[in-house]
Amino acid sequence: METNEMKLIPVPYLKLNSSGAIIGHSDEAMNFFTLVNDFLDLVHLDDRLLARQLLVQTTSPLPIKVNLKLAIGHDLYDLFACTVKWQDEIGHLICTETTAEIMNAERQLKAKEQVLQAKQALITANNHLLKSIDHLIKTLEQNTDK
């Protein structure tokens, strides 16, 4: 795709190499994002591991889709559905803005997941405590029988 054609793509489009360097972009991408040299500089810290995984799958024959929080201004982020298609070590990345409701749902899901993990940890600790109490009772019963 020639540079002039790339600039006219009516959605946020980034052309990447496998290390994440931005080697081309649509004009629409610059309407959303600030100009940076590396794709990872656009990605929120919480999503960088996920974004790195996107960059290492350069041999995937299928498009890879992932939701990422991307910088839309100084310390401002928005959620984007990102789809990359790799061809000859060049990634063609389309970013589609999603709604605030999805971002809120994601936050709520993460909070519920943390609560569930805490409950599971409490159940495990409770089971361990019950086993310890049972063992202690058995030990005391054996000592009183003697």
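What does the chain average in pLDDT, and what share of the residues score at least 70? The chain averages a pLDDT of 87, and 93% of the residues score at least 70. The term pLDDT denotes the predictor's confidence in each residue, from 0 to 100.

Good morning. The structure is a predicted model, in which local features need pLDDT of at least 70 and side-chain atom pairs count only at pLDDT 80 or more, while totals for chains, interfaces and linings use all residues. Residues are numbered from 1 along each chain as its sequence is written, and side-chain values use heavy atoms, with hydrogens and water left out.

Let me continue with confidence. In the chain, the lowest confidence is found in helix α1 (residues 3-7), with a mean of 70, and the highest in β1, at 93. Helices (H or I, at least four residues) and strands (E, at least two) are DSSP runs, numbered from the N terminus.

The largest nonpolar core has 23 residues, and F39, L70 and L93 have the most contacts inside it. A nonpolar core is a set of buried Ala, Val, Leu, Ile, Met, Phe, Trp, Tyr and Cys residues joined through side-chain atoms within 4.5 Å. Buried means under 20% relative accessible area, exposed means over 50%, and partly exposed lies in between (1.4 Å probe, protein chains only). Two or more residues of this core come from each of β1 (13-17), α3, β3, β4 (76-87) and β5 (90-97). In general, nonpolar side chains tend to be buried together in soluble globular proteins.

Apart from residues up to four places away in sequence, L93 touches P12, Y13, L14, L16, F39, L54, C82, T83 and V84. Contact here means heavy atoms within 4.5 Å.

P12 leads us to another region. This residue lies in the loop between α1 and β1 and counts as buried, at 6% relative accessibility. Its contacts, again without residues up to four places away in sequence, include S26, F32, F33, L93 and I94. P12 and E97 are 85 residues apart in sequence, yet their C-alpha atoms are 8.9 Å apart in space.

Which distance separates the C-alpha atoms of S26 and P12? It is 6.2 Å, for two residues 14 residues apart along the chain. S26 is in the loop between β2 and α2, and at 0% relative accessibility S26 counts as buried. Beyond its neighbours within four places in sequence, S26 is in contact with M6, K7, I9, V11, P12 and Y13.

H25 lies in strand β2 (residues 22-25) and is buried, at 17% relative accessibility. With residues up to four places away in sequence set aside, H25 touches M6, K7, Y13, L14, M30 and L35.

Next come the charged pairs. How many salt bridges does a search of the whole structure find? The search finds 2. A salt bridge is a side-chain nitrogen of Lys or Arg within 4 Å of a carboxyl oxygen of Asp or Glu.

One of these joins K69 and D47, whose closest N and O atoms are 3.5 Å apart. Because K69 lies in strand β3 (residues 64-73) and D47 in the loop between α2 (27-32) and α3 (48-56), the pair ties together parts that are 22 residues apart in sequence. K69 is buried, with a relative accessible area of 14%, and D47 is buried as well, at 9%.

A salt bridge also joins the side chains of D134 and K138, at 3.4 Å from N to O. Both residues lie in helix α4 (residues 100-145), 4 residues apart, about one turn of the helix. D134 is partly exposed at 38% relative accessibility, and K138 is partly exposed at 46%.

Finally, I consider the surface. L129, L130, I133 and I137 form a nonpolar patch there, with about 350 Å² of accessible area together. Patches are made of residues with over 30% relative accessible area and no salt bridge; like charges are joined within 9 Å, and nonpolar side chains (Val, Leu, Ile, Met, Phe, Trp, Tyr) within 5 Å. Accessible areas come from the Shrake-Rupley method with a 1.4 Å probe, and for residues only the protein chains shown count as cover. L130 is found in helix α4 and is partly exposed, at 48%.

My last stop is the loop between β4 and β5, which holds D88 and E89. Phi of D88 is near 55°, a positive value in a residue other than glycine. For E89, also a residue other than glycine, phi is positive and near 65°. D88 counts as exposed at 69% relative accessibility, whereas E89 is partly exposed at 42%.
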